[in-house]
Amino acid sequence: MENLNTRGHLLTEQVNINSANLDRLSTLELVDLFNKEDINTLKAIAGARVELANAIDTIADSLRQGGRLFYIGAGTSGRLGVLDAAECPPTFCTPPDLVQGILAGGAGALIKSSEGLEDIASDGAAAMVERNVGVHDVVVGITAGGTTPYVHGAIASAKQRGAKTVFIACVPANQVASIADIEIRLPVGAEILSGSTRLKSGTVTKMALNILSTGAMVKLGKVYGNRMVDVAVTNTKLLDRALQMIQDLTQLERDAAQELLAASGKSVKVALLMHWTKVDRSQAEAILAQNHGQLRSAVDSL
């Protein structure tokens, strides 16, 4: 492997000629420059469309077999993984351990920088052992500059343990190699603030994670059309969203939608299946189970 201590050649470390006079720009010019540079994030996502699709299918297949999805990284990259993982339970009603974010330095590193911990490859490997990563799991290593030893250690350990691996980086493969099964390269170019990969690199990473997790959940039947019908009804906002979905899809009045949701055990999918097929809650739950949680196929089966 390349010398990960030598980073001057990396795309993420280059000086952006478009922002050479950053400290002399007016505030409006500064905002306009950010807007112009962020166009590169869309181009990078488009350039990785095939790899993103392959990763989605790999993740969905693994989760169907009882596996888990792990994001692992350090600094901004790791925090973005934790953020995406934390959003899955409320959005898709997934158990907390289905999608997990692992950050070098643990929970404390979410609010206080502990960047030095990214240099310890054995810690990344140990994280895989600690979580008993196995053949049905998928491990997504995230590292903007591609060199983070913590991530490389995790990927090597995960592969040894039989897990599928995905590598996300904002540098081309000829700058930093990876042994991961799938490589998602997102070259957004030099940052406006040289080396500050929380900017374009962070933005494009968040975009990629949005696509991976949402795409996998779509494949798992967590949505109907473009509605999050597996939403966890745990607060006022999510209750309103659930009722609005039921009203839109059934044309019921608000009070009737509330009664239906209550009768379903606060499950939008169960509520919709009950309404459309006139079955009771236990029957609806059984039919959904037979159809692997897929509401559309459950309705079609009847």
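Leu83 belongs to helix α4, and its C-alpha atom is separated by 33 Å from that of Arg254, 171 residues apart along the chain. The model is predicted: local features need pLDDT of at least 70 and side-chain atom pairs count only at pLDDT 80 or more, while totals for chains, interfaces and linings use all residues. Residues are numbered from 1 along each chain as its sequence is written, and side-chain values use heavy atoms, with hydrogens and water left out.

**The chain as a whole**

- The chain holds 12 helices and five strands; these are DSSP runs numbered from the N terminus, helices being H or I of at least four residues and strands E of at least two.
- The C-alpha trace spans about 65 × 50 × 35 Å along its principal axes.
- Of the 302 residues in the chain, 48% are buried, that is, under 20% relative accessible area.
- Among contacts (heavy atoms within 4.5 Å) between residues at least 6 apart in sequence, 65% join residues at least 24 apart.

**The sheet**

- Five strands make up an open sheet with parallel pairing, in the order β2-β1-β3-β4-β5; two strands pair if DSSP finds at least two bridges between them.
- β2 (99-103) and β5 (182-185) are the edge strands, and each has a single partner strand, so one side of each is left without a neighbour in the sheet.
- On average, and with direction ignored, neighbouring strands of this sheet are turned by 15° against each other; axes are lines fitted to C-alpha atoms, for helices over the stretch in contact, and angles run from 0 to 180 degrees between N-to-C directions.
- Five bridges join strand β1 (residues 69-73) to strand β3 (residues 138-142) in the parallel sense, and Leu69 has Val138 in β3 as its bridge partner.

**Helices on the sheet**

- Helix α4 (residues 75-92) packs on the sheet, where it touches β1, β2 and β3, and its direction makes about 155° with that of β2.
- Helix α7 (residues 200-219) lies across β1, β2, β3, β4 (164-169) and β5, and runs at about 170° to β1.
- The 20 residues of α7 should span 28 Å at 1.5 Å a residue, and the end C-alpha atoms are 28 Å apart, which agrees; the expected span is 1.5 Å times one less than the number of residues.
- The buried residues of α7 include Val204, Ala208, Leu209, Leu212 and Met217.
- Gly221 follows α7 and has a positive phi, near 80°.

**Residues with positive phi**

- Most residues other than glycine have a negative phi.
- Asn132, although not a glycine, has a positive phi of about 55°; Asn132 lies in the loop between α5 (121-130) and β3.
- Asn132 counts as exposed at 55% relative accessibility, the cut-off for exposed being over 50%.
- Lys278 is likewise not a glycine and has a positive phi of about 65°; Lys278 is in the loop between α10 and α11 and counts as exposed at 65% relative accessibility.

Terms used
Buried < 20%, exposed > 50% of the residue type's maximum accessible area, 1.4 Å probe, protein only.
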